[in-house]
Amino acid sequence: FSIKALQKIEDELQSVVDTGQAMYVRDIFLADGDAMMLPTKHLMDILNLIHTNLPKVRRISSYCLPRNLRNKSVADLTALREAGLSLVYVGCESGNDTVLNKVNKGETYDTSLEALLKLKEAKIKRSIMILLGLGGSSLSQHHARDSAKLCNEAVPEFLSVLTTSFPKGIHRVQTGYGTTEFEFEPLTPRESLKELRCFLAAIEMPNTNKTVFRSDHASNYFVLKGRLGREKERLLAELDAIIEAPEEDDVFNLRPEWARGL
């Protein structure tokens, strides 16, 4: 992606004002790439433009790769929060260093946790995204447990899982894994559910915790919604009911492949 000039952003905001609809805009997402890679001042200018033109906005959110916070201090992030940035979607994808290395993520468990804790200190809400199936069948359990460990340490406000898909072909992932002991073999729908169960079972958060969990992304085979940890047992029970049902029931219980297209 490319960085959009401030004047173009201001012109686009003005076009909303000109329609007479500015008073009805409540939520803004800074698209399309990772806006957190922008310099802090540039982001501050964008946030100020938003509030000047759209005074009723209540929430501004953005994607956020952990590495794009390395050069931002807690003070920088606090200033962004005070200027209106209230939520970031952090694409951790996995907490397992082997998986992250195989897919050339450019992150580690430690760099992801550092970024998540920095955001927490700045009081910016975090929505962690984990990719089911990213470790294939060979690293499924390690991927699930280490991802849960990362979430346990970070205690995010929101947590969601998506399912790995291959719109440009599976060969890119298989090449990264190579032909070592961890050769990549994609999960079946049932294996994906079992990995999700392993992940949720390893989540250890107190009942007083209010982390909102969702698996309602279009890529997923099964939708779960609840709070961790007071609703963890209910979520596991719902998942177990699907896993333990006869496989012929999957046609009714799981989202069909045609409906998972993005």
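Is Leu193 buried or exposed? Leu193 is buried, with a relative accessible area of 4%, where buried means under 20% and exposed over 50%, with a 1.4 Å probe and protein chains only. This is a predicted model, in which local features need pLDDT of at least 70, side-chain atom pairs count only at pLDDT 80 or more, and totals for chains, interfaces and linings use all residues. Residues are numbered from 1 along each chain as its sequence is written, and side-chain values use heavy atoms, with hydrogens and water left out.

- Leu193 belongs to helix α8 (residues 189–201), helices being DSSP runs of H or I with at least four residues and strands runs of E with at least two.
- Apart from its neighbours within four places in sequence, Leu193 is in contact (heavy atoms within 4.5 Å) with Phe222, Leu239, Ile242, Ile243 and Leu254.

**The sheet**
- Seven strands make up an open sheet of mixed pairing, in the order β1-β2-β3-β4-β5-β6-β7, and two strands pair if DSSP finds at least two bridges between them.
- Because β1 (27–30) and β7 (225–229) stand at the edges with a single partner strand each, one side of each has no neighbour in the sheet.
- Strands β5 (residues 158–163) and β6 (residues 210–214) run parallel and are joined by three bridges.

**Helices α2 and α3**
- The axes of α2 (residues 40–53) and α3 (residues 74–82), lines fitted to C-alpha atoms over the stretch in contact, come within 10 Å and cross at roughly 10°.
- Thr40, Leu43, Met44 and Leu47 of α2 make the contact with Asp76, Ala79 and Leu80 of α3.

Note on methods. Axes fitted to C-alpha atoms, helices over the stretch in contact; angles between N-to-C directions.
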